[in-house]
Amino acid sequence: MGTTELFLVVIAILAVSLLSGMRIALALTFAGFAGYYLLDGWDVGMSTLGALPISSASKFTLLVIPMFVLLGNAAERANLAEGAYRVLGWLLRSLPGGLAVATLTACACFAAVSGSSIATVISIGNLAITEMRKAGYAMHVAAGVVGAAGTLGVLIPPSVPLVIYGVLTGESIGALLMAGIGPGVVTATVYGISIMIRAKRKPELFGKGAEDVLPLSNRPALLSGAYSLFRIGLLFVIIIGGMYSGFFTAVEASAVGAFVALLMVVIEHLRKPKEMGRSLWNSLSAAVSLNGMVFSLLIGGAIFSSFMVAAGAPQLIADGLTGLPVPAWLIVALLLLVLVPLGMFLDPTSILLIMVPLTYPVITELGINGIWFGLLFVKLIEIGLLTPPLGLNAFVVAGIRKDVELSTAFKGVLWYVRLDIVIVILMFVFPAIVTFIPSQMGLTE
């Protein structure tokens, strides 16, 4: 059986396994083992199953993932998000669509310490939708801004998808995290300006405004919110400032950030020991559960991608695409376009594990900057979080609010997809949006 035929057979096995309802990690493992069996026989397949899970999960750089996951869970239970939202809502209440802009800003702030899109939506979503509905916002507008703003968690560091991309490709994790700041800021800015323009053009969707919902007299909430913003800023300075100054490596910054976030949980519940113990336990247990899922996907992905490399599939794809009489940018654009339909059916981690080993050799063959491609890759995955039928962020928004129908959530978030397309074009045309910060640090050319 030739390489092309073997590749197609294994892809078919993977597709059938996923469609049958098999868990993604098991489907990747099964497809990879089946490929090794067809390529080299039973003994090689079993040997791979015995050795690769340990070697793939024991890389030192992977410590970043459990630390960032713990950081996000601890930040959620330290009540950073709600207080920050309240003070931002008051500060921005006079702008057109002020509460929506406040929701966006609060999500961006929380994303800068959580690294998780879903955690960002869960932490801010319920309160934000409640306040926007009080102010008369249309339900799809309120749900849409929460779901779309939550996607900033996969761009703004600490970002677990960027860490996984770095592990899979060997690119500097520190450079990838710092490169995420530019696209994250651009995304938040484009979203914010577009929300205000929309509020001016269609004020009926944005109600009466926020003055009655967040009055100046509510000073205790404002003081609490300012304290929350300070804590978010402290974590951001520790993580990003530590890496930017060279004081911390990415692994060290993630560990220190997680430790400080746990301290914040302790301080937040210092007067309620039982609540403190419950919050610490929930932070740790949720982190363990999520890390178990992530590492099972990493192991399954390692087995699948190892087979692909052994079969020569990445080189076959690279040779085929680089031999086409078309410019390099068009090949990159085609590779990225494939991610959009995949994002409709697979979660971000699975897309990374399947597609990065196949596409990265093409990028290196073309001489394309791997950091720039990685941020474009993750940005396209972010769009997948908003598009049906999977659209994880829409499902999360509908899940945390009984009064939000799934169709309403999708109606709200799809408005932001067109903005994301514009942002992808900007990143494509102006690579400095991605590369400027890491190049200033000497992390990339």
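Me: Over which ring does the charged end of Arg198 sit?
Reply: A charge sits over a ring if NZ of Lys or CZ of Arg is within 6 Å of the ring centre and within 35 degrees of the ring normal. The charged end of Arg198 lies 4.3 Å from the centre of such a ring. That ring belongs to Trp415.

Me: What kind of model is this, and how are its residues numbered?
Reply: Residue numbers start from 1 along each chain as its sequence is written, and side-chain values use heavy atoms, with hydrogens and water left out. Local features need pLDDT of at least 70 and side-chain atom pairs count only at pLDDT 80 or more, while totals for chains, interfaces and linings use all residues, since this is a predicted model.

Me: How many residues of α4 are buried?
Reply: Buried means under 20% relative accessible area, exposed over 50%, and partly exposed in between (1.4 Å probe, protein chains only). Among the buried residues of α4 are Val64, Phe68 and Leu71. The helix is mostly covered, and of its 14 residues the buried ones number 11.

Me: Which residue just after α4 takes a positive phi?
Reply: The phi in question is about 60 degrees. The residue is Asn79.

Me: Which helix gives the most to the lining of the largest pocket?
Reply: A pocket is an open set of points on a 1 Å grid over the protein atoms alone, where a 1.4 Å probe fits, with protein on both sides within 12 Å along at least five of seven lines; lining residues have an atom within 4 Å of a point. The largest pocket holds about 730 Å³ of space, and of its 30 lining residues the closest to its centre are Ile118, Leu290, Met293, Val294 and Thr349. Helices that each supply at least two lining residues include α2 (24-40), α7 (117-134) and α14 (273-311). With six residues, the helix that gives the most is α4.

Me: How many residues in the lining of the second largest pocket are nonpolar?
Reply: This pocket has about 320 Å³ of space, and helix α1 (residues 3-19) supplies the largest share of its lining, five residues. Ala, Val, Leu, Ile, Met, Phe, Trp, Tyr, Cys and Pro count as nonpolar, Asp, Glu, Lys and Arg as charged, and the others, Gly among them, as polar. The lining has no polar and no charged residues, and its nonpolar residues number 11.

Me: Why is the pair of Phe33 and Trp42 edge-to-face?
Reply: Rings of Phe, Tyr and Trp (its six-membered ring) pair if their centres lie within 6.5 Å; planes under 30 degrees apart are stacked, over 60 edge-to-face and the rest tilted. The structure holds 12 aromatic pairs. In this one the centres are 5.5 Å apart, and the pair is edge-to-face because its planes stand at 85 degrees.

Me: Is Gly246 buried or exposed?
Reply: Gly246 lies in the loop between α12 (219-245) and α13 (250-268). At 57% relative accessibility, Gly246 counts as exposed.

Methods
Helix = DSSP H or I, 4+ residues; strand = E, 2+ residues; numbered from the N terminus. Points joined across faces, edges and corners; volume = space filled by probe spheres on them.
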